[in-house]
Amino acid sequence: MREIYVTRPSMPSKEEYYEEISTIWDTHVLTNMGEKHNKLERRLEEYLKVPNVSLFCNGHMALELAIQAMDLTGEVITTPFTFASTTHAIVRNGLTPVFCDINENDYTIDVSKIESCITQKTSAIIPVHVYGNICDVEAIDKIAKQYKLKVIYDAAHAFGVNYRGKGIAEFGDASIFSFHATKVFNTIEGGAVCYAEPQIGERLYQLKNFGIQSETIVNGIGANAKMNEFQAAMGLCNLRHVDGQITKRKKVFQRYIENLADIKQIKVNMVNPYVASNYAYFPIVFKNGNVEKIRDTVYDELKLHGIYARKYFYPLTNTFECYHGMFDVSKTPVALNISGNVLTLPLYADLELSDVDKISCLIKKIVRSDSRC
């Protein structure tokens, strides 16, 4: 039985990657901001339409050190409907996450509830773009300016997304991307911080390189979070093909919409008309009746057929055992409901449309006993 996973990494041809890395044997530069690292930063600045990019070994360290670079204190408003990294990065910086609920339309932070989360201790908002859906950036900008708060977007799901003609990383004080193997664009592992203010870049450079300022001066306590040359080489290759990959993903996304949009028992993910999407994920949310049971039944049945969907994001980060008793989950009821009923279906550039039809058919059989498939 051929197995279909929720995602599959995009990769260049072996020949293209071999050619890209061949010069590494000439220079023997493997890491420490080498030629390919620097070249990828410049290419990403052009592609993402931002003035500055700082590369990291992974997206988590990009976020954790971006928070540190901005000297945030006290409380940070975010959502629990995200990957563990978002919450952990806040807590590992000695800050307190304050969880704001999400909206039911696109699963991003509910901007109408942000102000109720603000206290005298609030220093920033870390909203999360989800599944390629983007937050209400105008409303967040207005709130941040009114209360003098920093905004760092967790844009791990939003690489290549444009909103009203602007790159999504142009909003906020900074945006972080994950270049993990499972993402639309990957550098095997990797990540980046996009930012506008030069001093943030100087701080990030120090923080990801042990706090070293010069050959003889170490005036900060930093980490080791540098991207190496082999990661950067993979990024340079994949960046050449990413637009084509997104076009292929769109076809898969649209096929799911065609197959599933008329099923009353589920809500499918629709694209904002003002957004040029990257079609990162295809979540469906089960509704009506005992929905959590239906979600789990579909998940289990797909697995029996070698199809590995994902309950993503489940559980909420404010319900993790490591935070037991620290947060009141009743304050984020929408996130709790969506988390219990969401299932992300397989979506990647090379997924066959016949496989999309097969997956859709299995879902129809379960949720509405459709024997026509």
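This is a predicted model: local features need pLDDT of at least 70, side-chain atom pairs count only at pLDDT 80 or more; totals for chains, interfaces and linings use all residues.
**Cavities and a buried phenylalanine**

Good morning. The second largest cavity in this structure has a volume of about 50 Å³.

Which residues line the second largest cavity? They are Tyr-47 and Leu-48, then Gly-160, Val-161 and Asn-162, then Gly-167, Ile-168 and Ala-169, and finally Phe-177. Sorted by class, this lining comprises six nonpolar and three polar residues, with no charged residues.

How many cavities of 30 Å³ or more are counted in total? The count is two.

The largest cavity has a volume of about 60 Å³. Its lining consists of 13 residues, and those nearest the centre are Ala-156, His-157, Lys-183, Val-184 and Ala-280. In the lining of the largest cavity, seven residues are nonpolar, four are polar and two are charged.

I turn now to Phe-320. This residue belongs to the loop that runs between strand E14, residues 307–308, and helix H11, residues 333–341. Is Phe-320 buried or exposed? Its relative accessible area is 17%, so Phe-320 is classed as buried, the cut-off for that class being under 20%.

What does Phe-320 touch, once residues up to four places away in sequence are set aside? Its contacts are Ala-84, His-88 and Pro-315. Glu-352, by contrast, lies 32 residues from Phe-320 along the chain, and the C-alpha atoms of the two are 36 Å apart.

Thank you for your attention.

Notes. Residues are numbered from 1 along each chain as its sequence is written. Side-chain values use heavy atoms; hydrogens and water are left out. Helices (H or I, at least four residues) and strands (E, at least two) are DSSP runs, numbered from the N terminus. Buried means under 20% relative accessible area, exposed over 50%, partly exposed in between (1.4 Å probe, protein chains only). Contact means heavy atoms within 4.5 Å. On a 1 Å grid over the protein atoms alone, a cavity is a set of points where a 1.4 Å probe fits but cannot get out, and a pocket is an open set with protein on both sides within 12 Å along at least five of seven lines; lining residues have an atom within 4 Å of a point. Grid points are joined across faces, edges and corners, and a volume is the space filled by probe spheres set on the points. Ala, Val, Leu, Ile, Met, Phe, Trp, Tyr, Cys and Pro count as nonpolar, Asp, Glu, Lys and Arg as charged, and the others, Gly among them, as polar.
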